[in-house]
Number of protein chains: 2
Amino acid sequence: MGRKAGISIDDIVTAAASIADRDGLAAATLSAVAAELGIKTPSLYNHVPGLAGMRRELALHSSQLLTKLFRDATHGHEPREAIRAATVAYRLFATEHPGLYESMLPAPKPGEDDELYEAMAGPVRVLFDEFAKLGLTEEEAVHVIRGMRAMLHGFVDLERKAGFGMPVELDASFDRAVSLMIDRIPERT
Amino acid sequence: MGRKAGISIDDIVTAAASIADRDGLAAATLSAVAAELGIKTPSLYNHVPGLAGMRRELALHSSQLLTKLFRDATHGHEPREAIRAATVAYRLFATEHPGLYESMLPAPKPGEDDELYEAMAGPVRVLFDEFAKLGLTEEEAVHVIRGMRAMLHGFVDLERKAGFGMPVELDASFDRAVSLMIDRIPERT
DNA sequence: TGACAAGACTAAGGGCATTAGTTAGTGTAA
DNA sequence: TTACACTAACTAATGCCCTTAGTCTTGTCA
C-alpha cells in the first residue's frame, strides 16, 4: 500500500466514463472519480488540470471511440448502405454510452480548442467521405450533413430524455426519419 | 427600505430568465438571482423550493411562452404554411432565448411531473393539430412529428453550440432540412 | 391596538473545486 | 551504494454554492 498508486490518465478517463455512463455526466465529479480510484481529490491535479480538464479528456475519448465505430460501421459497404449503418451505430452509441455521448455535447467553438475540435469532427468526416462518393458537390454535402447531424442528434437527445411521449415504434420512427434525410439525395455519376 | 422587498415568483422567474439568456442556464444560480433581486439567497426559499424548484418554474415559463409563439405563428395559415411558420418561430425562440431554451432540455419523464410534462407538450400539440388537418393518421403523425422534433431540436442545439463548422448558409440548410421533413407528407382528402 | 403571518434576515452546515505546501516512494546518476 | 531529484500521493485551508434552522420586522386583519 505504498504512497504511489500509479494512476494514469487512462485510469481517470475510464473511471469517469463508467460513472458518467452509469449516473450521468454530472455525477462524474473529481471527488467521485477520486473515490472510485481510491485516492484523494487533489491528487487528480497531478494528472489533469481540474474538472474542466477531466471532462475534456472524456470528450476526447468519446470522439475517438465514436469515430472508430463509424469507421467500422461504414467499412466495406456502398455509400448509401454505409451511411445508414453509421446512423444505426450513432444511435447505438448514444444508447449504450449515455455519459460519453453527453460528454461530447459542449462542443468547442472553432478557435477554442483545436485538438478537441478536430477529434469531434472525426465522425462527421467519415460521413462526409461517403457523401463525397455519391458525387455530391461540397455545398450539397454540407447541407445534407447538417440536416443529418441535426436529426440524429435531436433524435437520440430526445430519446435519451424520454422526450417522446409514447413508447411506440421508436425504431420505425428512426428508420423513417433517416430515410427522409437520405432517400432524396441525388446520385451523380 | 423596509424588511419586505415584496418579491414575487414572477420576479424570480424574470430575473432567472434574464440571467440564463445572458450567461447560460448554469449561471442562473440561487445566489445570482438573489443578488439581482437585491435579497439574500435563503430568502428565495420563501417563494421557491430550492434551485431545482426555480429551474422548474423557469422551464414552465419557457414552455408557456413557446406554446404561445407557436399559436401566434400558426394562426390563420393553411396547415403546411402554419407548420413552416412554427419551425421558424422555434428556431427564432432558441436563438433569442438560449437560456429559456436550455431550461426546457431536462424534460421530465412521463410520470414524473405532470404539470410540467403537460406544459412542455404544448408546442407539440399545436403542431399535431396542424398535421391532423392534413388528414394524417395518428400513427403517421407520430412518426412525422418525431422526425420533425428531432430535426428541429438537433438543429438549434447544434447551432446554439456553434457545432456546425462552417458559417455558410445556415438559413439555407435549415430551409432544406425543414423541406425534407415536410414535403413528402401525403395529403389525404 | 394587538396578534399573526409573510417575508425578509443571520448563523451554520455540507459538498465540491481548487490552491498551497508537505511527504513518501522511485529511479537515476555519481 | 548512496544521494538527489522527480513524481505522485497527501493534509490543510479557502471559497462558492445550496440548504436548513431559527430570528425578527413589517404589514394586515380582527
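Visitor: Which residue forms a salt bridge with Arg91(A), and how far apart are the closest N and O atoms?
Guide: Start with the general idea: side chains of opposite charge can pair when their charged atoms come close. Bear in mind that this is a predicted model. Here the partner of Arg91(A) is Glu159(A), and the closest N and O atoms are 3.0 Å apart. Glu159(A) belongs to helix 7 of chain A and Arg91(A) to helix 4 (residues 79-96) of chain A, so the pair ties together parts that are 68 residues apart in sequence.

Visitor: How many salt bridges does the rule give over all chains?
Guide: The count over all chains is 29. Two salt bridges are found across the interface of chain A and chain B. Asp183(A) and Arg184(B) meet through their side chains in a salt bridge, at 3.8 Å from N to O.

Visitor: What are the elements of chain A?
Guide: Chain A contains eight helices and zero strands. Read from the N terminus on, the order is α-α-α-α-α-α-α-α. Along the principal axes, the C-alpha atoms of chain A fill a box of roughly 65 × 40 × 30 Å.

Visitor: How much area do chain A and chain B bury between them?
Guide: The size of an interface is often given as the accessible area lost when the parts come together. For this pair of chains the figure is about 3300 Å², with 60% of it on carbon and sulfur atoms. Chain A brings 37 residues to the contact and chain B brings 37 residues. Six residue pairs are in polar contact across the interface.

Visitor: Which elements give two or more residues to the side of chain A that touches chain B?
Guide: They are helix 7 (138-160) and helix 8 (170-183) of chain A. Helix 7 of chain A gives the most, with 13 residues. By type, this side of chain A has 20 nonpolar, eight polar and nine charged residues.

Visitor: What volume does the largest pocket have?
Guide: Rolling a probe the size of a water molecule over the atoms shows where empty space is left. In this model the largest pocket has a volume of about 1400 Å³. Its lining has 42 residues, and those closest to the centre are Leu25(A), Glu102(A), Leu105(A), Pro106(A) and Glu102(B).

Visitor: How do the residues of the lining divide?
Guide: The lining of the largest pocket has 19 nonpolar, four polar and 19 charged residues. Elements that each supply at least two residues of this lining include helix 3 (50-74) of chain A and helix 1 (9-23) of chain B.

Definitions and conventions: Residues are numbered from 1 along each chain as its sequence is written. Chains are lettered from A and ligands numbered from 1 in the order in which they are written. This is a predicted model: local features need pLDDT of at least 70, side-chain atom pairs count only at pLDDT 80 or more; totals for chains, interfaces and linings use all residues. Side-chain values use heavy atoms; hydrogens and water are left out. Contact means heavy atoms within 4.5 Å. Buried area is the accessible area (1.4 Å probe) that two parts lose on being put together, summed over both. A salt bridge is a side-chain nitrogen of Lys or Arg within 4 Å of a carboxyl oxygen of Asp or Glu. A polar contact is a pair of N or O atoms within 3.5 Å; within protein, one must be able to donate a hydrogen and the other to accept it, and residues adjacent in sequence count only if both atoms are side-chain atoms. Helices (H or I, at least four residues) and strands (E, at least two) are DSSP runs, numbered from the N terminus. Ala, Val, Leu, Ile, Met, Phe, Trp, Tyr, Cys and Pro count as nonpolar, Asp, Glu, Lys and Arg as charged, and the others, Gly among them, as polar. On a 1 Å grid over the protein atoms alone, a cavity is a set of points where a 1.4 Å probe fits but cannot get out, and a pocket is an open set with protein on both sides within 12 Å along at least five of seven lines; lining residues have an atom within 4 Å of a point. Grid points are joined across faces, edges and corners, and a volume is the space filled by probe spheres set on the points.
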